[in-house]
Amino acid sequence: MTDTSSTPPADLVELFASAEVPARLAHQVAACLGPGAARELRDNPWRLLTVPGVRPEQADFFARRLLGGEAAPHDPRRVGALAVHLLLRAAGDGHTVTSAKSLLSALDAYDPGDAVEAVRAAIGAGEIVAVMHEASETELLGLASLAAAEETVAEGLARLTAMADPLPPSDGVPAEVFEHGVSVLTGPPEAVEEVVRALAGRPGVVVTAATDRAAKDVGGAAGSRGGVHRLLEPGPDGYARGVEHPIEADIVVVAEANTLDVERAAALVDACMDGTHLVLTADPAAPSSLAAGRVLGDAIACGVLPVVALPAEPGGAIGRVAAAAREGGLVPVDPADREVVIVPAGEAREAAHRTVQLVTDSIPRALGIPAEDVLVVTPARRGEAGADALNQALKARLNPGPGPYDAGDRVVVVTDLPLAAAGEFGSVVAAKPDEEAVEVAFPGGTASVPGTSLRHGWAVTVHRAQGARWPAVVAVLPGEAAGALTRPVVVGAFSRARRHLSVVHAAGPELARAVREREEPARRTRLADLLRENLADV
């Protein structure tokens with residue numbers, strides 16, 4: 001199966017050329033705004049702010065290029081777009097809603113004029129919704145798409161709960177899976193995977209996960225039909241699977257459901273036909289999704305869905321260090337047991353050097369695990385021991401070339417593609433330095449994709465690594481990223497490994513402090529409240 005991504009519309013490319021905007025943005029803008037992007041930007045150049053990474057000053061520059069002297073700071077189009085931009089930034093931190101007071105305060109930094117009126121106009125246009133949080137009597141604002149997604153999830157889970165009939169039980173699987181239309185199974189990956197594999201061999205069961213690789217890994221060839229993104233059959237007009245074309249299954253199992261953002265969860269729930277049992281499985285101590293929402297956490301917190309904590313005895317050194325981190329502590333590691341190795345490093349540069357040495361030499365030589373089966377995880381992208389710098393160093397050793405991408409590079413998808421979801425790993429088949437497209441082999445086939453949708457994938461952030469496990473993992477914990485260390489980040493890093501875990505420890509006492517004290521930053525969401533409302537009478 002070969003899939004070729006479309007090129008950006010010619011009118012958009014021409015518009016960017018006339019405004020001196022880098023052509024590389026055209027793919028992202030077309031993905032965000034659709035085929036009518038050029039027309040939409042001519043009508044409102046500040047709509048450029050919907051593209052991830054675009055800053056307000058860049059959108060102002062673009063507006064001046066298009067509108068000249070008419071590009072005024074108090075233009076309602078500008079202020080409305082800034083409001084959406086700030087809510088998109090909040091969504092990037094996981095939030096689905098923000099208090100009206102906080103949003104208006106943030107807008108003050110951009111000389112908005114009458115910000116209240118501009119936000120009202122954005123609400124009237126349907127881009128932003130306003131809701132009242134009854135408990136605190138606070139007005140909340142959110143992107144309409146995220147508000148609709150949370151409502152869809154809540155209504156869909158209520159529908160599945162109401163419509164499901166009991167199913168015959170199976171050995172090794174909690175009874176709640178068969179008795180309830182929606183259930184949540186929690187526990188460390190080893191315990192969850194044991195139950196998922198017991199379910200995967202049963203007729204009528206579909207196992208899915210964040211990516212195709214992860215779904216096949218946990219569900220095997222029999223039960224897996226790919227990651228959630230491909231299970232829903234993406235197309236040019238959205239997902240083909242939905243109310244009119246549902247997933248035909250008695251049970252749909254979502255592995256590592258902590259990776260589900262609210263919009264993908266909404267699409268999945270919509271695609272589950274009446275009578276389907278939906279099972280969400282995950283380690284609740286692991287990090288939440290990279291995108292907006294807190295689906296798993298809210299499903300647990302609502303208090304009205306059955307939640308089963310799976311019993312698990314940590315097996316092996318990897319299980320023990322991950323279990324200790326879940327409880328807020330660290331445990332000593334036996335140096336003679338090569339399943340977990342602690343590699344001390346004084347600072348970030350030394351940590352990076354030791355990491356490259358582990359991947360390219362020590363682990364393959366001492367343990368027989370090839371470099372292609374080793375994943376490096378780190379808390380942050382930036383810095384001397386961040387994912388970007390580590391990828392550069394690893395490429396120089398494992399697959400040197402003129403780049404930016406060369407045949408044989410390991411890559412990871414960062415924006416959803418027709419053939420691969422964000423987080424999917426692939427291998428570059430062919431790339432030309434003078435062309436934007438890169439041909440990549442993914443678990444589901446080969447595709448020609450924009451280079452802007454990829455990053456090198458020898459090293460990734462801990463959040464990006466969630467959803468898949470690897471034979472060997474090198475967890476890099478540099479002092480320069482100590483602020484990014486939390487208990488879920490450490491648990492997420494430790495639990496990615498199956499056979500071997502090397503911990504390059506340069507965080508000093510900050511590691512113990514993070515595991516002991518630092519929870520994941522709270523996310524502002526509505527889903528738990530909506531679930532209570534929708535499930536009250538079911």
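## A buried aromatic pair

Phe-425 is buried, and so is Trp-470, where buried means under 20% relative accessible area, exposed over 50% and partly exposed in between, with a 1.4 Å probe and protein chains only. The model is predicted, so local features need pLDDT of at least 70 and side-chain atom pairs count only at pLDDT 80 or more, while totals for chains, interfaces and linings use all residues. Residues are numbered from 1 along each chain as its sequence is written, and side-chain values use heavy atoms, with hydrogens and water left out.

## Two ring contacts

The structure holds two aromatic pairs; rings of Phe, Tyr and Trp (its six-membered ring) pair if their centres lie within 6.5 Å, and planes under 30 degrees apart count as stacked, over 60 as edge-to-face and the rest as tilted. Because the planes of Phe-16 and Phe-62 stand at 90 degrees, with ring centres 5.9 Å apart, that pair is edge-to-face. Phe-16 belongs to helix α1 (residues 10–18) and Phe-62 to helix α4 (residues 56–67), 46 residues apart; helices (H or I, at least four residues) and strands (E, at least two) are DSSP runs, numbered from the N terminus. Phe-62 counts as buried at 0% relative accessibility.

Phe-425 and Trp-470 are also edge-to-face, at 5.0 Å centre to centre and 80 degrees between the planes. Arg-213 lies over the face of Trp-470, 3.6 Å from the ring centre, the criterion being NZ of Lys or CZ of Arg within 6 Å of the ring centre and within 35 degrees of the ring normal.

## The open sheet

Five strands form an open sheet in the order β12-β21-β20-β13-β19, with parallel pairing; two strands pair if DSSP finds at least two bridges between them.
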